[in-house]
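This report covers side-chain salt bridges and helix packing. The structure is shown first.

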Amino acid sequence: MTDLLSPREVAIAVAPNGGRRTKVDHSAVPLTAAELARTAAECLYAGASMIHIHVRKPDGSHLLDVEAYRQAIAAIRAEV
């Protein structure tokens with residue numbers, strides 16, 4: 001039973017922006033590729049090892065676009 005209390009390796013995942021919240025909801029919600037990259041670096045520094053992102057249109061609404069995801073992922077990889 002003591003095994004349940006022993007330290008273990010864990011993976012911490014973050015989802016910093018979701019698909020609906022905007023700057024109106026919280027001014028720090030990362031929406032642009034650059035903001036997502038900066039947030040990814042901050043989360044990595046804090047101990048996270050995975051990130052789940054949503055890309056956005058210029059108006060802040062959710063976007064399902066492969067190229068926008070490629071750009072965001074490239075920005076994150078360059079930052080971290």
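At 44% relative accessibility, Asp25 is classed as partly exposed. The model is a predicted one. Asp25 pairs with Arg21 in a salt bridge, with an N to O distance of 4.0 Å between the side chains. Arg21 has a relative accessible area of 55% and is therefore exposed, since the class begins over 50%.

A second pair joins the side chains of Glu35 and Lys23, at 3.1 Å from N to O.

Glu35 has 18% relative accessibility and so counts as buried, the limit being under 20%. Lys23, at 33%, is partly exposed.

Glu67 and Arg70 form a salt bridge at 3.7 Å, N to O. Both residues belong to helix H2 and are 3 residues apart, about one turn of the helix. Glu67 is partly exposed at 40% relative accessibility, while Arg70 is exposed at 53%. The count of salt bridges comes to 3.

## Packing of H1 and H2

Helix H1 (residues 33-46) and helix H2 (residues 66-79) have axes that come within 8 Å and cross at roughly 40°. H1 is therefore oblique to H2. The crossing is right-handed.

On the H1 side, the contact involves Ala33, Leu36, Ala37, Arg38, Ala40 and Ala41; these meet Gln71, Ala72, Ala75, Ile76 and Glu79 of H2. By class, this contact has 8 nonpolar, 1 polar and 2 charged residues.

Definitions and conventions: Residues are numbered from 1 along each chain as its sequence is written. This is a predicted model: local features need pLDDT of at least 70, side-chain atom pairs count only at pLDDT 80 or more; totals for chains, interfaces and linings use all residues. Side-chain values use heavy atoms; hydrogens and water are left out. Axes are lines fitted to C-alpha atoms, for helices over the stretch in contact, and angles run from 0 to 180 degrees between N-to-C directions. Helices (H or I, at least four residues) and strands (E, at least two) are DSSP runs, numbered from the N terminus. Angles under 35 degrees count as roughly parallel, over 145 as roughly antiparallel, 65 to 115 as roughly perpendicular and the rest as oblique. A crossing is left-handed if the near helix is turned anticlockwise from the far one by less than a right angle, and right-handed if clockwise. Contact means heavy atoms within 4.5 Å. Ala, Val, Leu, Ile, Met, Phe, Trp, Tyr, Cys and Pro count as nonpolar, Asp, Glu, Lys and Arg as charged, and the others, Gly among them, as polar. Buried means under 20% relative accessible area, exposed over 50%, partly exposed in between (1.4 Å probe, protein chains only).
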